[in-house]
Amino acid sequence: MDKKRLQKYAELVVKCGLNVQKEQEVIIRCGLDQPDFVTMCVEECYKCGATRVKVEWSYMPVSKLGYKYRSLETLSEFTAVERAEWERKVEKLTCLLWLESDDPDGLNGTDSEKISKANQARYPFIKPYRDALENRYQWCIAAVPGKEWAQKIFPNLSAEAAIEALWENILVCSRVYADNDPVKAWDNHNENLAKRCEFLNNYKFDRLEYKSANGTDFTVGLNPIGIFMGGGETTLGSNIYFNPNIPSEEVFTSPMRGRAEGKVVATKPLSYQGKLIENFWVRFKDGKVVETYAEKNGDLLNKMVSMDEGAAYLGECALIAYDSPINNTGVLFYNTLFDENASCHLALGRGFNNCLENYENYSVEECEKLGINSSMIHVDFMIGSKDMSITGVTKDGKRVVIFKNGNWSI
Ligand code: ZN
């Protein structure tokens with residue numbers, strides 16, 4: 001890929017994604033796939049005034065060996081070093097950049113029960129730090145092509161050509177072209193998303209009704225003090241504007257815990273714990289998943305929704321046009337960052353406290369009491385379809401068509 005274009009992309013994820021400030025620390029988490037691009041990002045961070053940039057490399061085959069050979073006991077351990085690292089993150093509000101590149105099937109053959117149990121055991125140690133950091137630091141998830149990932153998407157191309165094709169798709173979806181200023185393009189895009197949010201927030205809908213010929217017939221209750229958000233966000237306290245996802249096309253909110261009824265049919269496979277759950281649906285009653293079906297890896301789907309009490313409840317509902325730049329590539333990415341931005345979706349598990357009006361006045365516990373779901377998981381699954389209709393209904397029964405034939409109608 002053209003070096004100049006990659007340079008622009010590095011600038012985009014560091015300046016627009018993280019918005020690194022002078023004297024800040026940065027952690028970059030990535031695989032071994034694109035070390036030159038990671039180096040560009042590190043330099044961009046220093047140019048923005050970062051005092052320290054740490055790269056945490058990982059390599060799926062090595063992680064896999066850990067899951068295979070280590071005991072559940074050692075995998076569940078929360079070490080003194082990790083504790084110190086979390087404490088420093090909370091103290092410094094370290095920026096975090098994830099550059100995803102992993103093979104979506106990379107953990108195939110590992111014991112997902114063991115991984116789930118280890119995560120469950122570690123979660124109580126991590127939660128207090130996560131709560132302390134929530135909405136207070138800048139983070140961004142972006143992607144770079146890994147060989148296995150690229151070849152899964154483009155199985156008929158050579159490894160080199162597949163990586164190049166995936167680069168092209170990542171850059172187009174992220175609005176990085178040879179002849180534009182992507183940072184400016186993102187400013188415009190953010191403005192458009194903000195307008196849609198304003199429209200939805202002015203109506204204060206009580207619920208959304210989803211319908212599609214594929215069998216989706218579903219109603220989700222919205223939070224009376226909930227708001228729709230999209231694009232950039234602002235950190236609490238330090239007021240720094242950042243973009244948590246590049247790309248991002250969604251307008252989303254955290255629905256009211258306990259209010260979801262009916263059946264939703266997934267329209268794309270879901271990659272969870274390195275395995276694909278395919279052709280599945282879930283049925284809700286009183287906000288909770290009460291029935292599931294999957295053609296492939298249904299046991300994993302059931303395990304997912306029983307990870308903890310909140311895993312069977314919704315944390316997010318997001319609206320994205322079927323005609324989104326990502327969906328228009330026609331590529332199935334097998335990666336949530338892209339696929340979730342190609343399609344209306346729901347997420348099971350943890351909700352977002354900042355989807356409540358004046359959320360800064362509430363403690364984490366109060367947000368939970370106000371209807372924001374809490375869980376160790378947050379897993380998006382896609383439900384958008386070409387013929388999907390979504391209708392907003394206000395408390396006094398006024399109905400507004402928000403989506404018609406898969407696209408925005410407002
Ligand atoms: Zn989402």
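How much space lies in the largest cavity? About 50 Å³. Before going further, a word on the ground rules: this is a predicted model, where local features need pLDDT of at least 70, side-chain atom pairs count only at pLDDT 80 or more, and totals for chains, interfaces and linings use all residues. Residues are numbered from 1 along each chain as its sequence is written, and side-chain values use heavy atoms, with hydrogens and water left out.

**Cavities and a pocket**

On a 1 Å grid over the protein atoms alone, a cavity is a set of points where a 1.4 Å probe fits but cannot get out, while a pocket is an open set with protein on both sides within 12 Å along at least five of seven lines. Lining residues have an atom within 4 Å of a point. Points are joined across faces, edges and corners, and a volume is the space filled by probe spheres set on them. On that basis there are two cavities of 30 Å³ or more.

The largest cavity is lined by Pro 269, Leu 270, Ser 271, Leu 276, Tyr 334, Asn 335, Thr 336, Asp 339, Asp 380 and Met 382. Strand β12 (270–272), helix α12 (336–339) and strand β17 (378–382) each give at least two residues to that lining; helices (H or I, at least four residues) and strands (E, at least two) are DSSP runs numbered from the N terminus. Around the second largest cavity you'll find Cys 30, Gly 31, Asp 33, Gln 34, Val 38, Leu 99, Ser 101 and Val 144.

The second largest pocket has about 290 Å³ of space. It has 17 lining residues, and Met 229, Gly 232, Glu 233, Thr 234 and Asn 354 are the closest to its centre. Elements giving two or more residues to this lining are α9 (182–203), β7 (229–230) and β8 (233–234).

Here is how the linings divide, counting Ala, Val, Leu, Ile, Met, Phe, Trp, Tyr, Cys and Pro as nonpolar, Asp, Glu, Lys and Arg as charged, and the others, Gly among them, as polar.

| Space | Volume | Lining residues by class |
|---|---|---|
| Largest cavity | about 50 Å³ | five nonpolar, three polar, two charged |
| Second largest cavity | about 30 Å³ | four nonpolar, three polar, one charged |
| Second largest pocket | about 290 Å³ | six nonpolar, 10 polar, one charged |

**The zinc site**

Which protein atoms are the donors of the zinc ion? They are Glu 250 (OE), Glu 316 (OE), Glu 340 (OE) and His 345 (NE2), at 1.9 to 2.7 Å from the ion. Donors here are N, O and S atoms within 2.8 Å of the metal (3.2 Å for Na, K and Ca), and water is not among the atoms, so sites may look incomplete. Along the chain the spacing reads E-x65-E-x23-E-x4-H. Both Glu 340 and His 345 are buried, meaning under 20% relative accessible area, with exposed over 50% and partly exposed in between (1.4 Å probe, protein chains only).

Asn 19 has a positive phi, near 55°, in a residue other than glycine. It follows α1, in the loop between α1 and β1 (25–30), and is partly exposed, with a relative accessible area of 23%. Asn 135 also has a positive phi, about 65°, and sits in the loop between α6 (112–133) and β4 (139–143). At 16% relative accessibility, Asn 135 is buried.

Finally, Ile 246 and Pro 247 are joined by a cis peptide bond with omega about 5°. Pro 247 is in the loop between β9 (241–242) and β10 (251–253).
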